[in-house]
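Please examine the sequence and the model shown here. The paragraphs that follow lead through selected parts of it.

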Amino acid sequence: MRELDKNQQTAVDCDSNVVVSAGAGAGKTTVLSERYFRLISEGKAGVENILTLTFTRKAAAEMNERIYQRFLSSTNPVVLSQAAEFDKARISTLDSFSAQIVRNGSERFGVSSDFSSDNEAAASIAEEAALDFLLKKQDDKYLQEFIYLHGFELVYKGMFVPLAVNEFNISGPVDFAGLLEKQKVELGICYHKNLAELEKIRIDILSLSPDIGKVMTGNISLCEKLGDVESFSEDSGKNRVEDFLETAVSIKFKKGTSKHPETPLLNEFIENWRSLISITESVANGIVSLPFLEGMFGLLKEFQDLFLARKRISGILTFQDVSKMAVSILKEDINLRNFYKKEFRYIMIDEFQDNNLMQKELLYFLAEKSELTGTGIPGAEDLEPDKLFFVGDEKQSIYRFRGADVSVFKGLSRELINSGGKALALGTNYRSEPDLIRFFNRVFNLVMKDADGPFEAVFEALEYRNPVGDLVPEISVFYKPESKAGEDYLHNNEAEAWYIAKFIKDKVENKSFEIVKDGSLVTAGYDDFAILMRSTSNQIMYEKYFRKLNIPCTVQGVRALFMEAPVNDIYNLLQLLVYPDDRVSYAALLRSPLVNLSDDITAAILLNKGDAFS
């Protein structure tokens, strides 16, 4: 093993609650493994008393292997005895640990303890439930109007399904009645406030000299025609908000052009009026639409009940469901919380930048002082002083799409320091060549220089190791020149994929790309290249050209086949042959170019509830 550097050793030896900010390649897995090893070798805990949590199953498996091998390399009898008990080690993902908590109390949510966590399966349930619900409620006047405005596909796939998947949680259903009441109150407050400000502007205009010119005469006439703007309050009569939309919004004051000294003041008043009237118009439309909103919220409440009931029956939950249920159980079940508090003497969490507030609250419950049994979320001052060991790097957060909140990690240091804990940093990158780190430091100091929001990562320069051998690092930037008349270039996305695939093939076949492996210079093979994408939208092109050039590769999820609409339509037809009761596939097929029916006809056929193609 390489000797630990000063910062790594400080983190390993720390015996207080601590947040370790670990830059890329800084050896955080080594630090976690060594700290685990130290706690065991010093007799501070057994393997069953240290909870080690990571973000992915792969990371958990790697952590398990790394720690176990470290044990086997020791001659310490305490460590070797614990190696024999290593099957009891608690090393897992935070999601799977949350699921374990929920299985101890799932009945309070009407969920069987043999549930499974599967976001994709939950999304399929949401699709089926949304389709059934929309077809059942197709005669509802509010839904008809909503579909007329936005189209069936957007309402179905763009609203009902994502709402179900992302917002409808078993442990805390959305309170639509409460949301509606809050909307009413907020709209009312904003409307009254804006009316008062508009009335003040009207009076300000009337206070100006009529000698400004003809335009002022017209403005005075408009002010008098309008009357007291505050009289348009909804308290003044049933249709006063509609009157505001018809009367006040139609008032068009004209700016002055004369050299009269009050002309600039007039123009300022009119500019303020125009800005405020636009906002107030939106608020007034919101008030007028409240009956429609109430109708839609009622439908969403019904749909939420249907979706949650189907999730309970199926036993399929989302990861968000499980996290929220776990926090709720620990909050309400004092005995179970005390059990877990006694079970684990130390808790270590890797990649914490990709977690959220709810997951932090769960860990705070587990680290709460043994004598405390409050029903609220523990604060940092309520924690055991040496139980938590967080590792993360806000710059490496990649899971914002599934709820990760980097501001939670950023706030941890402040909370723990204020309660006697520490914040440490591992700032040396041992993975990459020094010239690359110097380049990254220069570029990202510019890219991230204005990161002052709580949700933004702050740049911190990385230190670097000594260079290896005679390798000269390179940064290559590929760009596609602008097309010229008569030239036939590939589309941008296709050109990018083709060029990268050709680049990799040339480098490997010509043995012209040197890299460092195990401290030595070697030529790169196909398995030494990695392609990182912000999203998988262009992955289909890469797969296409890798196949064309016979480049072997592995992908996290194959996209090429099911990204292509015609194949998807054929897939739905084949799905029906095997599962003729799959109404989602039936609906998709009927609306596809293979059948090409309208939304209305498709809905009528599905409502008939006959066999497919009957």
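A residue is called buried when its relative accessible area is under 20%, exposed when it is over 50%, and partly exposed in between (1.4 Å probe, protein chains only). This is a predicted model, in which local features need pLDDT of at least 70, side-chain atom pairs count only at pLDDT 80 or more, and totals for chains, interfaces and linings use all residues. Residues are numbered from 1 along each chain as its sequence is written, and side-chain values use heavy atoms, with hydrogens and water left out.

Ser598 has a relative accessible area of 37% and is therefore partly exposed. Ser598 lies in the loop that joins α23 (583-591) to α24 (599-608); helices (H or I, at least four residues) and strands (E, at least two) are DSSP runs, numbered from the N terminus.

Helix α18 comprises the 14 residues 434-447. Its buried residues are Pro434, Leu436, Ile437 and Asn441. Seen down the axis of α18, these fall within an arc of 145° (taken from the directions from the helix axis to the C-beta atoms), so they line one face of the helix. They pack against β9 (428-429) and β10 (463-464), contact meaning heavy atoms within 4.5 Å. The face turned away from the buried side of α18 carries the exposed residues Arg442, Leu446 and Val447.

Elsewhere, helix α9 (residues 176-206) meets helix α11 (residues 240-247). The contact is formed by Tyr191, Leu195 and Leu198 of α9 with Arg240, Val241 and Phe244 of α11.

How values were computed: Expected span 1.5 Å × (residues − 1). Axes fitted to C-alpha atoms, helices over the stretch in contact; angles between N-to-C directions.
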